[in-house]
Amino acid sequence: THCISSAASDVYKRQMLVFLDQNEVAQRIRSFVMGPGANRLAVAFWGTGAIRRLGLDKAKGPIQIVCDLFSGCVNPEEVKAIKNLPDAEVRNRGGLHSKVYLFDDAVVVGSSNASLNGLCQTDDEHVDRFEANLLTDDEATIREISERFEQIWETSTAVDDAALDEAKKLFKRARAKRSPTDVFEGVLDNPALALDREAYVIWYE
């Protein structure tokens with residue numbers, strides 16, 4: 001008969017590993033954001049509505065975010081809104097492609113950006129995209145990812161008004177490169193994709 005000590009048993013019980021798809025990840029992240037403790041997010045791309053989906057406006061602890069602001073895939077208006085939240089700081093790190101949502105007692109790592117596609121919610125949105133994420137509360141994993149986050153944070157730069165102005169140009173340029181056919185068909189399939197986009201319709205007879 002093998003006996004497991006009380007301490008070893010506690011460690012074993014704490015090691016959670018949960019798979020989260022695009023319909024589950026936002027709710028789980030939001031539950032951590034709205035709880036006590038720090039919120040450290042190294043997430044490359046941010047879209048309209050990220051604050052609402054992640055519950056950042058209801059966060060009880062400080063918020064640190066690193067994104068790839070100049071990628072053309074980050075909505076600068078959402079970043080500006082995040083910067084205006086209490087105890088929130090946003091930094092830029094070129095080449096960042098991670099999707100890490102780090103909390104004091106848990107971490108979510110996977111494919112979900114803080115965007116409509118990455119954080120789809122079944123109650124009000126339908127996006128034809130499959131995401132795969134893992135949630136764990138393993139202490140060793142949290143400790144290692146925390147160290148990596150601090151390295152990224154220290155090598156990132158603060159997002160100021162000048163950076164946001166430049167990001168607006170790049171964001172607009174990236175969207176303009178999409179072909180009209182792709183945009184039209186995409187909006188027909190998923191009207192939510194038209195959110196935060198300027199649209200012009202010309203009718204010929």
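Is Phe130 buried or exposed? In this predicted model, Phe130 is exposed, at a relative accessible area of 59%. Accessibility was computed with a 1.4 Å probe on protein chains only; buried means under 20% relative accessible area, exposed over 50%, and partly exposed in between. Residues are numbered from 1 along each chain as its sequence is written, and side-chain values use heavy atoms, without hydrogens or water. Because the model is predicted, local features need pLDDT of at least 70 and side-chain atom pairs count only at pLDDT 80 or more, whereas totals for chains, interfaces and linings use all residues.

A search of the whole structure finds three aromatic pairs. Rings of Phe, Tyr and Trp (its six-membered ring) pair if their centres lie within 6.5 Å; planes under 30 degrees apart count as stacked, over 60 as edge-to-face and the rest as tilted. One of the pairs joins Phe19 and Phe130: the ring centres are 6.5 Å apart and the planes meet at 25°, so this pair is stacked. Phe19 lies in strand β1 (residues 17-20), and Phe130 in the loop between β6 (107-110) and β7 (133-136), 111 residues apart. Helices (H or I, at least four residues) and strands (E, at least two) are DSSP runs, numbered from the N terminus. Phe19 is partly exposed, at 43%.

Phe32 and Phe103 form another stacked pair, with centres 5.2 Å apart and planes at 20°. This pair also links distant parts of the chain: Phe32 sits in helix α2 (residues 25-33) and Phe103 in strand β5 (residues 99-103), 71 residues apart. Phe32 is partly exposed, at 25% relative accessibility. Phe103 is buried, at 3%.

A nonpolar core is a set of buried Ala, Val, Leu, Ile, Met, Phe, Trp, Tyr and Cys residues joined through side-chain atoms within 4.5 Å. The largest such core has 35 residues; Trp46, Leu56, Leu69, Ile82 and Tyr101 touch the most other members. Elements that each supply at least two residues include β2 (39-43), β3 (63-67), α4 (76-83) and α6 (161-176). Helix α2 gives the largest share, four residues. Leu69 contacts (heavy atoms within 4.5 Å) Val74, Val79, Asn92, Val159, Ala163, Leu164 and Ala167, not counting residues up to four places away in sequence. A second, separate core of 10 residues includes Val66, Val100, Phe149 and Trp153.

Cysteines were also examined. With a disulfide defined as a pair of cysteine sulfur atoms within 2.5 Å, the count is zero. Cys67 is buried, at 0% relative accessibility. Cys73 is partly exposed, at 40%.
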